[in-house]
Amino acid sequence: MRGLFLRALADKKNAVDGKGYAACAGVAIVHQKYPFYKAYELAERLCSNAKKYGASLSEDGSGSDVSVIDWHIEFGEIKDTLEQIREDYIDADGKCILRRPYIVSASEQIKTAEPLRQYDVFKDFLVDTIWKEGYARGMLKELRSVFGKGEQEIEYYLKFHKMRKLLKENLGGRSVLLPDVVEMMDTFLPLCSKEEVQ
């Protein structure tokens, strides 16, 4: 829903210069018993991270022409900083497995420079490749524990479980979105019916 709000805001033109608005969002998805103040702080940090990323893409460094979203889904861990949380997403090869934050709206120049960091690409990959292909949810969830072991282990897992369509060569590079997509698959709500997804 946040992505839709950011896009609607970008489409609305202001009266002064006729340009669209830009905004950033940070979303913390936590369990009911998670301390509220911690969730609020986390959402603030995620929003700040999205703003920083947007500013790095903007020509003037202000981020005023880029809308970005970042999120975190809590799986039982409580850490003090976003940096500590993101350390859990470094794999055995020393690479960060996350692609977020994602660009919701920006100029064509920015979109072309960052094709795999587009929220629409992430969303389409989740719906078209993960849901419509009908992969077993248990196997996809188990894949979460494999991500930290490095690219070769992921490749072995996908081949062993006959999930070959998720391999790099079949996805044109979009396989780098897999960790984000697998984490989000249970909490993402498409604006279409289940019949349309199937």
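1. Let's start with the side chains of Ser58 and Asp60, which are joined by a polar contact of 2.9 Å. A polar contact here is a pair of N or O atoms within 3.5 Å; within protein, one must be able to donate a hydrogen and the other to accept it, and residues adjacent in sequence count only if both atoms are side-chain atoms. Please keep in mind that this is a predicted model, where local features need pLDDT of at least 70 and side-chain atom pairs count only at pLDDT 80 or more, while totals for chains, interfaces and linings use all residues. Residues are numbered from 1 along each chain as its sequence is written, and side-chain values use heavy atoms, with hydrogens and water left out.

2. Staying with Ser58, you will find this residue in the loop between H2 and S2. Helices (H or I, at least four residues) and strands (E, at least two) are DSSP runs, numbered from the N terminus. Ser58 is buried, at a relative accessible area of 8%; buried means under 20% relative accessible area, exposed over 50%, and partly exposed in between (1.4 Å probe, protein chains only).

3. Which residues does Ser58 touch, not counting those up to four places away in sequence? They are Gly63, Ser64 and Asp65, with contact meaning heavy atoms within 4.5 Å. Ser58 also lies 9.2 Å from Ser107, C-alpha to C-alpha, although 49 residues separate them in sequence.

4. Now to the sheet, which is open and has three strands in the order S1-S2-S3, with mixed pairing. Strands count as paired if DSSP finds at least two bridges between them. S1 (24–29) and S3 (102–105) are the edge strands, each with a single partner, so one side of each has no neighbour in the sheet. From one strand to the next, the twist averages 25°.

5. S1 and S2 (residues 67–73) run parallel and are joined by six bridges. Along this pairing, Cys24 stands opposite Val68, and Ile29 has Ile73 as its bridge partner. S2 and S3, by contrast, pair in the antiparallel sense over three bridges, and Ser67 is partnered there by Ser105.

6. How many residues of S2 are buried? Seven of the seven are, so the strand is largely enclosed by the rest of the structure. Ser67, Ile69, Trp71 and Ile73 point one way, whereas Val68, Asp70 and His72 point the other way. One for a closer look on screen: the β-α-β crossover from S1 through H2 to S2 is left-handed.

7. Helix H2 (residues 36–57) lies across S1, S2 and S3, at about 145° to S1. Axes are lines fitted to C-alpha atoms, for helices over the stretch in contact, and angles run from 0 to 180 degrees between N-to-C directions. Helix H5 (residues 119–131) also packs on the sheet, touching S2 and S3, and its direction makes about 105° with that of S3.

8. Finally, the chain as a whole: it has 10 helices and three strands. Of its 198 residues, 39% count as buried. Among contacts with a separation of 6 or more, 64% come from residues 24 or more positions apart.

Key
Right-handed = clockwise from strand over helix to strand, strands pointing away.
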